[in-house]
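Hi everyone, thanks for coming.

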Amino acid sequence: MTMEPVERTELSILSEIGRISTSADDLHRKLQRIIEVVMRGIGKDGASVFLLDRSGKNVILEAAMGLNQEAVGKLTFPLGKGIAGWVAEQKVPLALADPYSDPRFQYVPETGIERFKSLVAAPIMDEDRCFGVIFVLSGQNWNATSSEVTILTTTANQISGVIRSTLLFQDIEDRLARLASIYEISMALTSTLDLNQLLSLIARNTTSSLRAQGCTIHLLDLPAGDGENRELRLTFIDDAVRDIDTVFGERMQTNTIRDKRPLLIADTSQDARVQDISNQHRVSILSVPLIFHDRVTGVITLYSTEQGQPFIDDDLQFLTTIASGAAVAVENAALFEREERMAGDARVRAQEFSILYDVGTAMSATLNLDRLLRIILTAATMGGTGLGFNRAILLLTNERTNILQGMMGVGPTSWDEASRAWTEVARKHKSLMEWIQTGELFESRDSEINEVARRIRMHMDPDEGVLARTVLEKRSFNVLDAASDPLVPKDLRDTLRVNSFATVPLVAKGRAIGAILVDNLFTRRPITDHDIRFLTMFAHQAALAIDNAVIHSNMETMNRDIRVIHEQLAQSEKMAALGTMMAEITHEIRNPLVSIGGFTRRLARKVTDPDAKKYIDIILSEVGRLEGIIHDNLAYIKNVGPQFSRTSLNNIVEEVLPVYEDELRQRGINIERDLSPEIGSLDMDPQQIKQAVVNLVANAMEAMENGGTLTVRTYPSADSRDAVMEIGDTGPGISPESMHNLFNPYYTTKVRGTGLGLPITHRIVKAHKGNIVFRNKETGGAVFTLRLPVPQEK
Amino acid sequence: MKKILVVDDEENICKLYREELEEMGYEVTTALDGGSAIAALEKARYDLVTLDMRMKGMDGIETLRKMKERDASLPVIISSAYEEYKNDFGSWASDAYIVKSADTAALRDTVKKILG
Ligand SMILES: Nc1ncnc2c1ncn2[C@@H]1O[C@H](COP(=O)(O)OP(=O)(O)O)[C@@H](O)[C@H]1O
Ligand SMILES: [Mg+2]
């Protein structure tokens with residue numbers, strides 16, 4: 001039995017196509033070989049293939065036999081236009097004996113189509129999706145039989161398999177490249193906090209990833225809590241697109257901001273939204289809003305001119321993903337900028353202080369208060385270069401408590417020590433500074449006079465006697481006979497064991513900051529008025545030096561506070577912003593990676609071709625690498641394990657509260673603290689626990705809009721196994737809707753909330769093997785209770 | 001045949017999970033958002049749900065809460081792109097927590113462990 005000739009043709013064509021499909025050629029070459037086989041098989045002299053382009057809206061000539069090769073890759077028809085466009089749209093085959101008389105035919109002279117008289121076209125179908133159109137052309141008049149049309153249709157089906165797998169590879173490759181660039185851009189976004197640098201970085205990367213001609217970025221006035229202020233704040237414009245931007249920029253931005261949605265214009269000359277201003281321009285534009293916490297903070301606009309390709313939906317998706325990261329990075333940079341300004345103020349203040357510091361350094365050798373007092377008193381008691389009194393005591397006032405307190409006393413304890421010291425001074429001719437540098441003239445700390453000095457403590461009340469009056473009246477007293485002087489209380493006389501002494505006030509900038517008391521216990525030399533005048537001048541110098549030292553130490557504390565606040569602000573905001581961004585990007589990247597990798601694995605099980613297997617392995621290993629990168633970065637940014645050290649929980653509280661003191665006061669919130677010393681030290685990461693406490697205190701503070709009381713309590717649990725800390729407020733309490741969401745990341749009821757405070761706190765506490773719970777008090781307000789295990793000694 | 005409901009707002013992931021799980025011999029239905037997931041549970045009985053945590057519209061956690069309110073005994077596997085909340089949500093909220101990966105072994109193992 002012989003086969004029908006047509007069937008034989010069909011079989012040989014199909015088996016040939018099968019061989020070509022599994023060859024190592026690229027798609028273009030495969031198509032070229034396939035149409036040649038088809039053309040010969042049907043016995044005609046021309047053939048061609050059109051495929052749908054990236055946008056799915058046009059067909060483009062991919063391979064041709066008998067036509068001008070220059071047309072390949074160039075000749076396009078929109079869907080529905082020309083024979084190719086019509087077949088692709090209608091998805092039905094078409095045989096035309098005389099195409100030139102058909103109204104659907106569009107003559108394009110550059111193709112060389114006029115060499116042919118008849119044609120048959122069939123759609124390349126994959127289920128109900130059309131990939132393109134295959135043509136067979138004939139130089140002779142040809143009335144194609146239905147079996148000839150069937151051959152072409154069957155062939156077209158076979159081709160669809162080749163195209164599908166190639167497109168799948170291409171698609172995966174494209175997406176992988178895109179993900180890689182999303183990832184790269186995202187990483188780059190975290191590399192700088194300089195706003196201008198950041199914008200040009202975003203512009204450069206998006207422009208090149210989308211093969212656009214240029215980019216503009218407009219930032220709206222950054223939210224300073226002032227609602228809908230939408231002034232333009234900062235603009236970045238690529239020079240390459242400056243001209244086009246003047247035509248379209250404003251319209252695009254206005255629409256994007258208004259709709260809070262990305263806007264894609266494939267062709268400005270065809271789009272109703274910009275046609276009126278389009279003129280001669282045939283440009284493709286993509287505008288995507290930067291959205292941070294539900295508000296539009298800016299717009300990125302990309303332009304593709306006629307030299308480039310029009311944007312498609314995929315590009316819009318891509319840019320939207322980038323924009324979500326960029327919005328956070330921009331916000332972050334803005335925040336940093338604001339903080340730097342704040343730190344700038346602090347620097348000015350520090351500078352003011354440091355001028356004082358320098359003056360202070362010039363005036364005395366040290367700003368260390370303890371050392372300074374010792375120098376002053378040594379000077380007062382030293383013969384030769386000093387003032388030469390036997391003993392001296394220095395007292396300082398505490399303005400807050402209104403108490404005058406003896407700080408230090410210097411002088412020999414006995415006649416023996418006195419004469420030894422003074423002969424040495426006389427013999428060695430050392431200066432005061434030399435004495436100070438080479439050691440102490442007298443036994444220091446636990447000398448008797450130092451003990452005496454530190455026992456003196458009184459209210460600054462005139463009734464307290466001569467010392468209080470020295471300070472209050474800012475004048476000196478020369479007590480000649482303590483026993484009969486009504487201004488000398490008996491206990492002072494008893495502690496000093498001397499009947500004559502003198503006092504001078506320490507006055508700095510008009511304020512009495514303390515007093516110096518001197519006597520001549522051993523030599524019994526009377527203190528003269530001249531002595532007093534000299535001592536007063538010296539006291540004046542000393543007071544300034546002391547004042548400077550005090551300011552300096554305040555400044556150090558303040559600087560430290562500012563630094564702590566600054567660091568904490570920067571740290572928490574940056575971490576939160578970075579975390580949000582990373583989580584966002586992870587989500588965006590991980591999902592498509594799962595599809596890419598997951599389907600590639602499935603593909604691997606179906607493919608036998610060794611070359612294809614090689615490609616699949618490459619894709620899989622790259623997907624694995626991307627997954628690894630995501631994992632590592634997240635671990636670094638989000639989940640740094642605790643670094644344990646023995647630390648007092650109470651100390652942490654005492655460190656955190658002062659940071660919020662000012663703000664709490666301004667908000668009319670008072671602090672009630674009840675810290676039990678019984679809880680002792682715990683194994684913890686002090687930074688992390690501090691972060692946890694900061695988050696809870698901040699939430700409590702933010703909950704009390706109209707003032708109230710912040711309660712911080714620590715105590716050991718009943719079984720002493722845990723240290724418990726309660727942070728309570730008198731705010732509205734946790735609303736029922738919030739209850740189950742509280743530890744959800746990104747859950748926030750605040751306009752500027754991150755919704756990460758509690759999740760982070762929760763994680764930290766968990767990492768410490770502790771727990772955290774909350775409840776609403778009957779009396780109103782919320783209480784967060786945190787438990788951390790007490791180390792169990794073996 | 002045991003029935004699984006796959007909930008994920010990414011169509012491709014639904015498709016992937018479906019193909020992988022069908023190959024293991026389960027009957028799979030997919031839902032692209034929380035709302036239609038709940039609707040699917042109203043219509044038919046399922047033996048297991050895999051649930052994305054972060055979706056547009058009704059969030060995964062919200063969906064999980066609704067599911068557990070309907071039927072606390074229905075096993076739910078959270079399948080999430082976030083790995084850092086595994087500890088936070090894994091234990092108290094759901095029966096298992098897997099991090100989405102191109103390698104579906106974790107998904108298959110977890111499903112097998114729960115459904116046998
Ligand atoms: N002390 C509190 N009183 C009332 N509500 C609170 C309190 N602490 C937290 N919340 C609620 O929990 C939400 C999440 O808190 P959090 O995770 O710290 O994020 P954020 O403070 O950034 O919003 C807050 O937005 C708020 O609604
Ligand atoms: Mg908070």
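Okay, one term to start: I'll call a residue near a molecule if one of its heavy atoms lies within 4 Å of it. With that, 20 residues surround ligand 1, and the closest are N699(A), T748(A), T749(A), K750(A) and L758(A).

A bit of housekeeping. This is a predicted model, where local features need pLDDT of at least 70 and side-chain atom pairs count only at pLDDT 80 or more, while totals for chains, interfaces and linings use all residues. Residues are numbered from 1 along each chain as its sequence is written, chains are lettered from A and ligands numbered from 1 in the order in which they are written, and side-chain values use heavy atoms, leaving out hydrogens and water.

So, what touches the ligand? Here I'm using polar contacts, meaning pairs of N or O atoms within 3.5 Å. An N or O atom in the side chain of N699(A) sits 2.7 Å from an oxygen atom of ligand 1. D729(A) has a polar side-chain atom 2.8 Å from a nitrogen atom of ligand 1. And K750(A) puts a side-chain N or O atom 2.7 Å from an oxygen atom of the ligand. On its own, ligand 1 has 530 Å² of accessible area (Shrake-Rupley, 1.4 Å probe), and the protein covers 93% of that.

Three elements of chain A each supply at least two shell residues: α18 (686-703), α20 (757-767) and β24 (782-789). Those names come from DSSP runs, helices being H or I with at least four residues and strands E with at least two, numbered from the N terminus.

Now, over to the aromatic rings. Rings of Phe, Tyr and Trp (its six-membered ring) pair if their centres lie within 6.5 Å; planes under 30 degrees apart are stacked, over 60 edge-to-face, and the rest tilted. The whole structure has five such pairs over all chains. Take F50(A) and F77(A): their ring centres are 6.0 Å apart with planes at 45°, so that pair is tilted. It joins distant parts of the chain, F50(A) in strand β1 and F77(A) in strand β3 (residues 76-78), 27 residues apart.

That's my tour, thanks.

Technical notes:
Polar contact = N/O pair within 3.5 Å; in protein donor to acceptor, adjacent residues only side chain to side chain.
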